[in-house]
Amino acid sequence: MANFRTHLTGGFAVSGILGLVTYKAGLVNANEFLLCVLAGTVGGLLPDIDSDNSIPIKMGFDLASLATGFALIIHWRSELSLLSMILLWVVGYLIMRYVVFSIFTKLTVHRGIIHSVPYMLVLALSLTCVNYYLLDTSSIVSWFYGAFLFIGSMIHLGLDEAYSVDLLNRRLKRSSGTAMKFYKDSQRYYYLGLYAILLMFIFIAPPFDPFFRKINDPITWWLIKDSLLPEVLMR
């Protein structure tokens, strides 16, 4: 399997190039471009959150624990003393970082259901729905965020599959087929539940038609073609 640096570089490079294309095509503004690249880069690390000792899971839980502590004190800031807020922040951080993290690592297995295409689709649609329904982001931009997250995660799974091929000895390693998967019979009930959640997100997802029309608009492709080469070469 590919290492952390390879996944980080791959996710960032692909999302960066695609982000520049969407920006030059006028599909997103400067701030949205940066968030698209961030979503793609994070997506390039997401499938490894089921690995107990991976850098993404440790970084993710560190950030989530810090955010949990701050969210708690912000919620109760007007009701607590300074000392109480500090204690609440510490308790919230410790519970998230060690108790929840311990439960999560015991419930997940590396290259299990999290390390699959439908799980990444669920996460991508979750991001799309959160932006549209909770953050009042337009449906078009929300779909872009979800699409970049999904593309980044597919880069991750594709790299893992590529690294499972031993070109020198012309053979497949034992890890072949364990990265980019859609179903595993030994986890059939988990996958049935996962696909049920996926169908739910598809049903409640924001309108897809505006996004589809936008990326298929001839003007979009004309802008991409017009900005493909430097003006000096176009003369």
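Mentor: Buried means under 20% relative accessible area, exposed means over 50%, and partly exposed is in between. Keep in mind that this is a predicted model.
Trainee: Okay, how many aromatic pairs does a search of the whole structure find?
Mentor: Eight aromatic pairs turn up. One of them is tyrosine 23 with phenylalanine 33, a tilted pair with 5.8 Å centre to centre and 40 degrees between the planes.
Trainee: Where do tyrosine 23 and phenylalanine 33 sit?
Mentor: Tyrosine 23 is in helix H1 (residues 4-24) and phenylalanine 33 is in helix H2 (residues 30-43), ten residues apart.
Trainee: Is tyrosine 23 buried or partly exposed?
Mentor: Tyrosine 23 has 38% relative accessibility, so it counts as partly exposed. Phenylalanine 33 counts as buried because its relative accessibility is 17%.
Trainee: Which other pair is tilted?
Mentor: Phenylalanine 208 and phenylalanine 211 make a tilted pair, at 5.5 Å centre to centre and 55 degrees between the planes. Phenylalanine 208 is partly exposed at 40%, while phenylalanine 211 is buried at 8%.
Trainee: Which residues form one aromatic cluster?
Mentor: That cluster is made up of Trp143, Phe144, Phe208, Phe211 and Phe212.
Trainee: New topic: where is histidine 156?
Mentor: Histidine 156 is in helix H6 (residues 139-162). With 1% relative accessibility, histidine 156 counts as buried.
Trainee: And what does histidine 156 touch?
Mentor: Leaving out residues up to four places away in sequence, histidine 156 touches His7, Gly43, Gly44, Leu45, Pro47, Asp48 and His115.

Conventions. Residues numbered from 1 in each chain as written. Predicted model: local features only at pLDDT ≥ 70, side-chain atom pairs only at ≥ 80, totals over all residues. Heavy atoms only, no water. Phe/Tyr/Trp six-rings, centres within 6.5 Å; stacked < 30°, edge-to-face > 60°. Helix = DSSP H or I, 4+ residues; strand = E, 2+ residues; numbered from the N terminus. Buried < 20%, exposed > 50% of the residue type's maximum accessible area, 1.4 Å probe, protein only. Contact = heavy atoms within 4.5 Å.
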